[in-house]
Amino acid sequence: MRYLHTMIRVSDLDASIRFFELLGLKEVRRVDNERGRFSLIFLAAPGDEGRAEVELTHNWDPEIYTGGRNFGHLAYRVDDIYETCQRLIDAGITINRPPRDGHMAFVKTPDGISIELLQDGALPPAEPWVSMPNVGSW
């Protein structure tokens with residue numbers, strides 16, 4: 001058995017794709033199903049294509065999705081947690097749990113799905129991260 005992908009439903013496909021591209025994922029394939037009125041967009045980090053993907057399911061008919069926190073989270077290892085978080089902040093993304101320990105942070109997708117960012121090991125604690133408060137739930 002091997003892991004294939006995690007599926008999340010998204011209401012704003014463009015915003016969700018932009019979010020995951022900011023994290024470093026790239027679209028690897030797309031399926032548009034006119035009869036079922038949905039699109040499936042598969043994204044992966046470089047080197048993870050075909051083995052660890054995120055499937056964005058976009059239903060064409062408007063729907064409101066709630067309870068993203070109930071899903072849990074997706075986790076990604078990053079090369080530099082401080083640089084990654086700063087890039088997200090610069091793009092207007094809120095860091096819900098900052099990387100005060102130089103190891104872990106949480107952000108949310110436009111639909112409220114939690115994303116855990118993990119540094120391999122830990123970077124030395126640094127400002128402004130050390131004194132940055134948590135924002136909302138993560």
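At the start of helix α1, a side-chain oxygen of aspartate 12 comes to within 3.3 Å of the backbone nitrogen of aspartate 14. This is a predicted model, so the contact is a feature of the prediction. The helix itself covers residues 13-23. Its buried residues are Leu13, Ala15, Ser16, Ile17, Phe19, Phe20 and Leu23. Glycine 24 follows α1. The phi of glycine 24 is positive, near 110 degrees.

Now turn to strand β4. It spans residues 53-59, and six of its seven residues are buried, so the strand is largely enclosed by the rest of the structure. Two strands pair with β4. Strand β1, residues 5-9, runs parallel to β4 and is joined to it by five bridges. Within this pairing, threonine 6 has valine 54 of β4 as its bridge partner. Strand β3, residues 38-44, runs antiparallel to β4, with seven bridges between them. Here isoleucine 41 is partnered with leucine 56 of β4.

Charged pairs come next. Side chains of opposite charge can pair when their charged atoms come close. The model has seven salt bridges. Among them is the one between the side chains of glutamate 53 and arginine 29, at 2.9 Å from N to O. Glutamate 53 belongs to strand β4 and arginine 29 to strand β2 (residues 26-33), so the pair ties together parts that are 24 residues apart in sequence. How accessible is glutamate 53? Its relative accessibility is 4%, and the cut-off for buried is under 20%. Glutamate 53 therefore counts as buried. Arginine 29, at 40%, counts as partly exposed.

Another salt bridge joins the side chains of arginine 37 and aspartate 61, at 2.8 Å from N to O. This pair also links distant parts of the chain, 24 residues apart. Arginine 37 sits in the loop between β2 and β3. Aspartate 61 sits in the loop between β4 and α2, the latter being residues 68-71. Arginine 37 has 38% relative accessibility and counts as partly exposed. Aspartate 61 is partly exposed as well, with a relative accessible area of 39%.

A further salt bridge brings together the side chains of aspartate 48 and arginine 51. The N to O distance is 2.8 Å. Aspartate 48 has 21% relative accessibility; buried means under 20%, so aspartate 48 counts as partly exposed. Arginine 51 is partly exposed too, with a relative accessible area of 45%.

Finally, look at valine 31, in strand β2. Is this residue buried or partly exposed? With a relative accessible area of 37%, valine 31 is partly exposed. Which residues does valine 31 contact, leaving aside neighbours within four places in sequence? They are Phe38, Ser39 and Leu40.

Conventions: Residues numbered from 1 in each chain as written. Predicted model: local features only at pLDDT ≥ 70, side-chain atom pairs only at ≥ 80, totals over all residues. Heavy atoms only, no water. Buried < 20%, exposed > 50% of the residue type's maximum accessible area, 1.4 Å probe, protein only. Helix = DSSP H or I, 4+ residues; strand = E, 2+ residues; numbered from the N terminus. Pairing = 2+ DSSP bridges. Polar contact = N/O pair within 3.5 Å; in protein donor to acceptor, adjacent residues only side chain to side chain. Salt bridge = Lys/Arg side-chain N within 4 Å of Asp/Glu carboxyl O. Contact = heavy atoms within 4.5 Å.
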